[in-house]
Amino acid sequence: MPELPEAETIARALHSALAGRALRGVDLRRRDFLKTGSPRRLRGLAGRRLEAVSRRGKSVVFEFAGARLVLQLGMSGRVQLARPGRRPPPHTHLVLAFAGGWEARCVNTRRIAAGAHVLAGEELGPLAGLGPDADGIGPDDFLARLAGRAAPVKAALMNQTILAGVGNIYSDEALFRAGLRPTRRVRDISRAALLRLHAALRAVLAEAIAAGGSTLADSTPFAGAEGELGYFTLSHRVYGRYGQPCLECGTTLRRAVIGGRSSTYCPRCQR
DNA sequence: CATTTCACCTGGTGGC
DNA sequence: TGCCACCAGGTGAAAT
């Protein structure tokens, strides 16, 4: 599912293909995909120049002069960068047409937690209340934001107000690398172990972003092929491997449900 | 406030 | 082969 690295990869690809181009047309194909702002305001973006595409947490941000369009990818969000004319894929809910003949097609199959937000000026919309981005946070800030919490460390990592961008996949991977059981309460974890977790999280995210970058280099959406932006495979060590042997010690990986999310961990390597 | 739980939605899977 | 129950999970609102 799209978390920080996937959103980063999408934002970078869109930025290199589209930054500097004028938005020519907006096609909102599913009205309820627009969560903040009116369709009128959305259409009002047409004619403006796209200054940049960036990322905040798990969201992709189209930056226009005086306004922003925030795209929440949710559970199953993808963006297809394509030439107009060809039929958009099923579940295409919003199409942004740019000068130079590129369309950014926002595709969502499971319509959960996904949507677009048109923000004027300094308006924050869904970005309000987000903690600092997980790929840039330093060890001191990380410790300060987590310190003393009663929540299970897995839940704390996925709490977007504490730290933005981490979801089920990368929290599982970071906890495995740090040797921490996802059910452990943060306040019971030593400072040294939390520092290990910080380092593990930063490393996992950096590797995933690099993997996304290499995927981009292969798919070259700018070369004319239809570019599906959104997913790539970093080889996961625990995520989704419930019931299979741990790659470090061979113990069968177990599953725990935390905050309604299933988490996979090694009962021997993670304490 | 912090924390926990639940609804939302659809495609893929696995059992029969 | 076909049917259907079940699962996945990001977000925000509601409950504790």
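This is a predicted model: local features need pLDDT of at least 70, side-chain atom pairs count only at pLDDT 80 or more; totals for chains, interfaces and linings use all residues.
**Domains and their interface**

The domain assignment divides chain A into domain 1, residues 4-127, and domain 2, residues 139-265, and the centres of domain 1 and domain 2, taken over C-alpha atoms, are separated by 26 Å. Contact between them involves 25 residues of domain 1 and 23 residues of domain 2. The size of an interface is often expressed as the accessible area that is lost when the parts come together. For domain 1 and domain 2 the computed values are gathered below.

| Property of the interface of domain 1 and domain 2 | Value |
|---|---|
| Buried area | about 2,100 Å² |
| Share of the buried area from carbon and sulfur atoms | 61% |
| Salt bridges | zero |
| Residue pairs in polar contact, both at pLDDT 80 or more | four |

On the side of domain 1 that touches domain 2, the elements giving two or more residues are α1, β6 (77-82) and β8 (102-108), and α1 supplies the largest share of that side, with 11 residues. Within domain 1, the residues that lose the most area to domain 2 are P5, E6 and T9, which together account for 25% of what that side buries.

**Nonpolar cores**

Which residues have the most contacts inside the largest nonpolar core? They are L14, L18, V60, F62, L69, L94 and L96, in a core that has 34 residues. Helix α1, which spans residues 4-18, gives the most to this core, contributing seven residues. When residues up to four places away in sequence are not counted, L18 touches L50, L81, F98, W102 and A104. There is also a second, separate core, made up of 32 residues, and L143, L146, I162 and F232 are among them.

**Helix α5**

Helix α5, residues 168-178, is mostly covered, with 10 of its 11 residues buried. Just after α5, G179 adopts a positive phi of about 70 degrees.

Conventions
Residues are numbered from 1 along each chain as its sequence is written. Chains are lettered from A and ligands numbered from 1 in the order in which they are written. Side-chain values use heavy atoms; hydrogens and water are left out. A nonpolar core is a set of buried Ala, Val, Leu, Ile, Met, Phe, Trp, Tyr and Cys residues joined through side-chain atoms within 4.5 Å. Buried means under 20% relative accessible area, exposed over 50%, partly exposed in between (1.4 Å probe, protein chains only). Helices (H or I, at least four residues) and strands (E, at least two) are DSSP runs, numbered from the N terminus. Contact means heavy atoms within 4.5 Å. Domain bounds come from an automatic or database domain assignment. Buried area is the accessible area (1.4 Å probe) that two parts lose on being put together, summed over both. A salt bridge is a side-chain nitrogen of Lys or Arg within 4 Å of a carboxyl oxygen of Asp or Glu. A polar contact is a pair of N or O atoms within 3.5 Å; within protein, one must be able to donate a hydrogen and the other to accept it, and residues adjacent in sequence count only if both atoms are side-chain atoms.
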